[in-house]
Amino acid sequence: MSLADYRADMEGCSRCSSCKWVPYNQIKSWRFAKNCPSICRYKLHAYSGSGKMIMGLSMLSGRSHLNDDIADIIYKCQLCGACDAACKVYRDDIDLTEVLLELRSHCVEQGFLVLEHMATIDALKREDNMLGEPKDRRGDWAWGLPVKDINREKADVIFHAGCRYSYDPDLRDTVRGALLLLLEAGMDVGIAGKEESCCGGRAYELGYRGEAENYADDMLSRVKASGAKMLVTPCADGYAHFRYLYPRMGRELPVEIFHISQVIERLIGGGNLRIRRSLPRLLTYHDPCHLGRMSEPYFGEWKRSKLDRSMSLKRSGRKGVYDTPRNILRALPGAGFVEMERVREYSWCCGAGGGVLEAYPDFALWAAKERIEEAESTGADALVSACPWCERVFKDAAEEMGARIEILDLVDVALICSGVKEAAETA
């Protein structure tokens, strides 16, 4: 696909500005009524989804040309999908997110690059991860755990840790604990260790399509060789890309794909994970963009008129993983649960996506602080999420602003209440 393939989407934008707001029937207060970090931070229509549609159509029609200022606006976007989800409440024939992705690719093709993104891609090519950390240390997080190496032996389940979990020391206990939960449930699990590579999804979002396809090919080959029937990942980004991006690129993985939260819910429901301890805290939950509105499965390219296609087959943001994390939190003895105002497909982005954390860290922290303020307004003791990128930027923002609220991973909560936490820390 190319920008020209989405001309009808750009021409169809009615400039209604619904992309800037939580749908009106979902608004609880003026304070938390907006949904787009970019337009909220920079306060110019060009930064909104609609504004970028106008720019794309103008360039496509030859009325204007790409330059550094326009490219800067295109890149200052988390690609969180909130504008698209809101737009589809009113219009079901526009694919706003796809236009934003094509604008990124267009920038790369025309040589309008961001230095920080170039450094990230160079590090990815060199070390096979988005953080530029040494490739031969990627599997260090699993040291001492009794898990199979899929490079040497078959396993029923592949556990894909993802880049952030593999290297972030603050999340080490979380990813070890996630794997321990699977092992204690008796699952036949294997990891790729230092041979695990990035899923490539973030490279795609930065506009580097070729690199994304290379990593998808690598992942597809590894999965086929493993003989696995299931892939489990704690990384929300990986989960979304495996379910949507890979099939779109013609690299659909021949396994069932689960986020760790879905497996935890199954283990609790089947009695394989017992909740032994209470958690006397008031919790609120942040929907990661990639686990929520961006994780819908891919149904193929649209044929004929988009209006001929059922809404059930369009990427609307409504079919993400929303109930599972909430079911787990509500089942915890002693814990209370309270919702923020912007939730599910209308959740506010943490700020870390779309290359913003790498290129515009101040913008990422600003968006994270906005979400933390919303979480604190509920009176919750802890903000729980299920994405390492969300948790990283939330932890940094909370420390900088002196927030009282604790940042937890959903896996952390399961570890605490199941009694497996101690094993994760001492194994």
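Where is the kink in α12 centred? The answer is Phe242, where α12 has a kink of about 40 degrees. The bend at a residue is the angle between two fitted axes, one for the seven residues ending there and one for the seven starting there.

## About the model

This is a predicted model, in which local features need pLDDT of at least 70, side-chain atom pairs count only at pLDDT 80 or more, and totals for chains, interfaces and linings use all residues. Residues are numbered from 1 along each chain as its sequence is written, and side-chain values use heavy atoms, with hydrogens and water left out.

Helices (H or I, at least four residues) and strands (E, at least two) are DSSP runs, numbered from the N terminus.

## Helix α12

Helix α12 covers residues 236–248. Its 13 residues should span 18 Å at 1.5 Å a residue, and its end C-alpha atoms are 18 Å apart, which agrees. The expected span is 1.5 Å times one less than the number of residues.

Twelve of the 13 residues of α12 are buried. Buried means under 20% relative accessible area, exposed means over 50%, and partly exposed lies in between (1.4 Å probe, protein chains only). After α12 comes Gly250, with a positive phi near 80 degrees.

Strand β4 spans residues 230–233. Both of its faces are covered. Met230 and Val232 are buried on one side. Leu231 and Thr233 are buried on the other. In a regular strand the side chains alternate between the two faces of the sheet.

β4 has pairing with β2 and with β5. Two strands pair if DSSP finds at least two bridges between them. Strand β2 (residues 157–159) runs parallel to β4, and three bridges join them. Here Phe159 stands opposite Val232 of β4. Strand β5 (residues 256–259) also pairs with β4 in the parallel sense, over four bridges. Met230 has Glu256 in β5 as its bridge partner.

## A four-stranded open sheet

Another part of the model holds an open sheet of four strands. Their order is β7-β6-β8-β9, and the pairing is parallel. β7 (336–337) and β9 (406–409) stand at the edges. Each has a single partner strand, so one side of each is left without a neighbour in the sheet.

Strand β8 (residues 382–385) pairs with β9 over four bridges, in the parallel sense.

## How the helices pack

Helix α6 (residues 96–109) packs with helix α4 (residues 68–75). Their axes are 10 Å apart, at an angle of about 140 degrees. Axes are lines fitted to C-alpha atoms, for helices over the stretch in contact, and angles run from 0 to 180 degrees between N-to-C directions. α4 and α6 are therefore oblique to each other. Angles under 35 degrees count as roughly parallel, over 145 as roughly antiparallel, 65 to 115 as roughly perpendicular and the rest as oblique. α4 passes α6 in a left-handed crossing. A crossing is left-handed if the near helix is turned anticlockwise from the far one by less than a right angle, and right-handed if clockwise.

Helix α3 (residues 49–60) also meets α6. Their axes come within 10 Å and cross at roughly 55 degrees. That makes α3 oblique to α6. This crossing is left-handed too. Helix α9 (residues 172–184) and helix α18 (residues 410–418) have axes that come within 9 Å and cross at roughly 60 degrees. That makes α9 oblique to α18. α9 passes α18 in a left-handed crossing.

Ser17 sits in the loop between α1 (7–12) and α2 (37–42). Its phi is positive, near 70 degrees, in a residue other than glycine. Ser17 counts as buried, at 17% relative accessibility. Arg344 lies in the loop between β7 and α15 (356–359). Arg344 has a positive phi of about 55 degrees, although it is not a glycine. At 29% relative accessibility, Arg344 counts as partly exposed.

Phe363 belongs to helix α16 (residues 361–377). Phe363 is buried, with a relative accessible area of 1%. Phe363 and Tyr42 are 321 residues apart in sequence. In space they are 9.7 Å apart, C-alpha to C-alpha.
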